[in-house]
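Please keep the sequence and the structure in view while reading.

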Amino acid sequence: MLAARERTAALTGCVPDPELLAQHSPLMSPLVWDLAHIGNQEELWLLRAVGGHAALRPELDSVYDAFEHPRAERPSLPLLPPDEARRYVADVRGRALDVLDRAPVGEDGGGPLVRAAFAFGMIAQHEQQHDETMLITHQLRAGPAALTAPEPPPAAPDTAGLPVEVLVEGGPFTMGTSTEPWALDNERPAHERVVAPFFIDTLPVSNRAYLHFVEDGGYRDPRWWHPEGWAQVRRHRLTAPLFWRRDGGSPGGWLRRRFGVVEPVPPDEPVLHVGWYEAAAYAAWAGRRLPTEAEWEKAARYDPASGRSRRYPWGDADPTPEHANLGQRHLRPAPVGAYPRGASPLGVRQLIGDVWEWTASDFLPYPGFRAFPYREYSEVFFGSAYKVLRGGSFGVDPVACRGTFRNWDLPVRRQIFAGFRTARDPEPC
């Protein structure tokens, strides 16, 4: 919780107050809305639900209810001004720490909200998820750079010799979790899933590879596109990933804007800011497909030697900076082939961190799903409208990222930190 609050303060303290009140894109909330929403959720779940406190500011519940007000409408709400929002979240945090000191957070005590400190973990994850959302808003805002970070590590020396793809043997594996204490309801319960054998890319699709699709007329050829994706291409005149623009004077002929900096598109980074329709179109053009969610998780977690599913590709230990690009330590993905210590047992790299990875799957509940602690976290999104993303991006904190973590979004979404890798079925014998 403390690390999340430091990040929130950095994301909201690096721009002047008028920029906190501005809506930088109709796709996103004003930054000050996210700030006060973080405090309101902490008040609802830690002060009221766990601590039994009376409401501090009951009039704020409707204003900061994410399901009551779409993002495009939020600037018109009676939002707390920046200074008042900061005071509110600080007041809530002080009281929440008192609740934490007194709560029975052991494995068996206090009910499901406090068992294994679930409510506190949920709130820490919630704040970090909004920190990633605010980072997306920073990418969408106009003007000079407001954020800085060191460069990520380079690709490992053995990258050029890696196989293009690896075979994942068919058969059963354990998908999801029933034991991860802070896992959210859509990750539960653990269950057996059987997949047929498949090949999956060793590395995420790079800008260099995606540029071949662009230059081959991929955005002009309806053969590769889902009909709704092709309609989006035509409607918005899409020609490349979001934030790219053609420039004949730059190396490779393309520039991109990244957090206020315009730079040549780096060929060796995973492609970023593509929607599901773009990912699926590239896969079709390449004669491949997107992996299903179950295939992605088996590639990421299954250890053929032991027959068990790990917490992470590298094992059960929490992520470190040597395993994955997480937590906004860097403001970009690392080159493909980085983080060899984070590889799966089969040698698949960068399954965690760098970019969220689109899968072929709709966002659906697992067998035995039970909504907890409220329906609106997952259940209301189940269905064919949303596609699943896995793995986490450079903007995701480790507390909100694990081998079972599920993200989802509409297939048209391009502002999120999403890329992909491809898969294919084995050739018939």
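## Helix 1 and helix 3

Helix 1 (residues 2-13) packs against helix 3 (residues 31-50) at an angle of about 155°, and their axes lie 11 Å apart. Helices (H or I, at least four residues) and strands (E, at least two) are DSSP runs, numbered from the N terminus. Axes are lines fitted to C-alpha atoms, for helices over the stretch in contact, and angles run from 0 to 180 degrees between N-to-C directions. Helix 1 is therefore roughly antiparallel to helix 3; angles under 35 degrees count as roughly parallel, over 145 as roughly antiparallel, 65 to 115 as roughly perpendicular and the rest as oblique.

Arg-5, Thr-8 and Thr-12 of helix 1 make the contact with Leu-35, Ile-38 and Glu-42 of helix 3, where contact means heavy atoms within 4.5 Å. By class, this contact has two nonpolar, two polar and two charged residues. Ala, Val, Leu, Ile, Met, Phe, Trp, Tyr, Cys and Pro count as nonpolar, Asp, Glu, Lys and Arg as charged, and the others, Gly among them, as polar.

## Basis of the model

The model is predicted: local features need pLDDT of at least 70, side-chain atom pairs count only at pLDDT 80 or more, and totals for chains, interfaces and linings use all residues. Residues are numbered from 1 along each chain as its sequence is written, and side-chain values use heavy atoms, with hydrogens and water left out.

## The chain as a whole

The chain has ten helices and 14 strands. Its radius of gyration is 22 Å, close to the 22 Å that the globule rule gives for 429 residues, so the chain is as compact as a globular protein of that length. The radius is taken over C-alpha atoms, and the globule rule is 2.2 Å times the number of residues to the power 0.38.

Along its principal axes, the C-alpha trace spans about 65 × 50 × 40 Å. Of the 429 residues, 55% are buried, meaning under 20% relative accessible area, with exposed over 50% and partly exposed in between (1.4 Å probe, protein chains only).

Three strands form an open sheet in the order 5-6-7, with antiparallel pairing; two strands pair if DSSP finds at least two bridges between them. Strand 5 (244-246) and strand 7 (261-264) are the edge strands, each pairing on one side only. From one strand to the next, the twist averages 30°. Strand 6 (residues 254-258) is joined to strand 7 by four bridges, and Arg-257 has Val-262 in strand 7 as its bridge partner.

Helix 7 (residues 207-215) lies across strand 5 and strand 6, at about 125° to strand 6. Helix 7 also packs against helix 9 (residues 276-285) at about 80°, with the axes 10 Å apart, which means that helix 7 is roughly perpendicular to helix 9. Among the residues that meet here are Tyr-210 and Phe-213 of helix 7, and Tyr-282 and Trp-285 of helix 9. By class, the contact has six nonpolar, one polar and one charged residues.

A second open sheet has the strand order 12-11-10-13, with mixed pairing. Strand 12 and strand 13 (418-419) stand at the edges with a single partner strand each, so one side of each is left without a neighbour in the sheet.

Strand 10 (residues 356-363) and strand 11 (residues 383-390) are antiparallel and share four bridges. Phe-363 stands opposite Gly-383, while Asp-362 has Lys-387 as its bridge partner. Lys-387 also stands opposite Asp-409 in strand 12.
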